[in-house]
Amino acid sequence: MSNVVGCIDGTSHEILTPMTEPQEEFYSGHRKYHCIHTQVIIDNDKNIVYVHSGFLGHENDAHVYRQFGPIGPGQFIDFPNNCYILADSIYPNEYPLVTPFNSVDIVRAPRREQRRRREFNALHRKRRVYVEHTMKEFKTFRVVGSLYRQPRWQMVSIVELCVGLSQRRTDMIRDRF
């Protein structure tokens, strides 16, 4: 995984039930509450390099990724050529994303290939868990880690501010040790 330069994942922030807007756009049937999604991309040093918040709750991570715009050299999200980002299995397995093999693909492969794919999945899991830890850091702020009760239009700015503060806190802790 020498060409992997980061990880991507999404998280949800619970909000109050909308009173003036259509509720179904914000309701996540998977989570069973109204929410707004945030997508985070981190690099190999566990630094947040891109955060985008404000996606509607009824969309999953793959739909939110499609709304990003192109990722690549000279694109909306500038990205080095021939490098990859680790993603979980809900994302599309297309450049620049790398997703784990599913169990059906592993079982149908020859025995040597099965072992190689299982080892790849184990390494994928070990590297991708860092994005989960990074999201946990900014969800420690109560305003984004619990039910959000303020005006919804402020949420995007507040989430991005909390991400910046958590990154700053992480940098300060790293500098100390």
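The structure is a predicted model, in which local features need pLDDT of at least 70 and side-chain atom pairs count only at pLDDT 80 or more, while totals for chains, interfaces and linings use all residues. Residues are numbered from 1 along each chain as its sequence is written, and side-chain values use heavy atoms, with hydrogens and water left out.

**Pockets**

A pocket is here an open set of points on a 1 Å grid over the protein atoms alone, where a 1.4 Å probe fits and protein lies on both sides within 12 Å along at least five of seven lines; its lining residues have an atom within 4 Å of a point. Grid points are joined across faces, edges and corners, and a volume is the space filled by probe spheres set on the points. In the table, Ala, Val, Leu, Ile, Met, Phe, Trp, Tyr, Cys and Pro count as nonpolar, Asp, Glu, Lys and Arg as charged, and the others, Gly among them, as polar.

| Pocket | Volume | Lining residues by class |
|---|---|---|
| Largest pocket | about 230 Å³ | three nonpolar, five polar, five charged |
| Second largest pocket | about 160 Å³ | one nonpolar, eight polar, three charged |

Of the 13 residues that line the largest pocket, Lys46, His133, Thr134, Glu137 and Thr170 lie nearest its centre. Helices (H or I, at least four residues) and strands (E, at least two) are DSSP runs, numbered from the N terminus. The lining of the second largest pocket includes Ser28, His30, Arg31, His37, His58, Glu59, Asp61 and Ile90.

**Cysteines**

With a disulfide taken as a pair of cysteine sulfur atoms within 2.5 Å, the count comes to zero disulfides. For Cys83 the nearest cysteine sulfur is that of Cys7, 13 Å away, and for Cys162 it is that of Cys35, at 17 Å. Buried means under 20% relative accessible area, exposed over 50% and partly exposed in between (1.4 Å probe, protein chains only); Cys83 is buried, with a relative accessible area of 14%, and Cys162 is buried as well, with 5%.

**Nonpolar cores**

A nonpolar core is a set of buried Ala, Val, Leu, Ile, Met, Phe, Trp, Tyr and Cys residues joined through side-chain atoms within 4.5 Å. The largest such core has 20 residues, and those with the most contacts inside it are Ile15, Val40, Ile42, Ile48, Phe138, Met155 and Val163. At least two residues of this core come from each of β1 (4–14), β3 (33–43), β4 (48–56), α3 and α5, and the largest share, four residues, comes from α5. A second, separate core of 15 residues includes Ile41, Ile71, Tyr91 and Leu97. When neighbours within four places in sequence are left aside, Phe138 is in contact (heavy atoms within 4.5 Å) with Thr11, His13, Val40, Val144, Cys162, Val163 and Ser166.

Thr17 is found in the loop between β1 and β2 (27–28), where Thr17 is partly exposed, with a relative accessible area of 34%. Leaving aside neighbours within four places in sequence, Thr17 is in contact with Gln23 and His34, and its C-alpha atom is separated by 8.7 Å from that of Cys35, 18 residues apart along the chain. Thr38, placed in strand β3, counts as buried at 0% relative accessibility. Beyond its neighbours within four places in sequence, the contacts of Thr38 include Asp9, Gly10, Val51, His52 and Val159.
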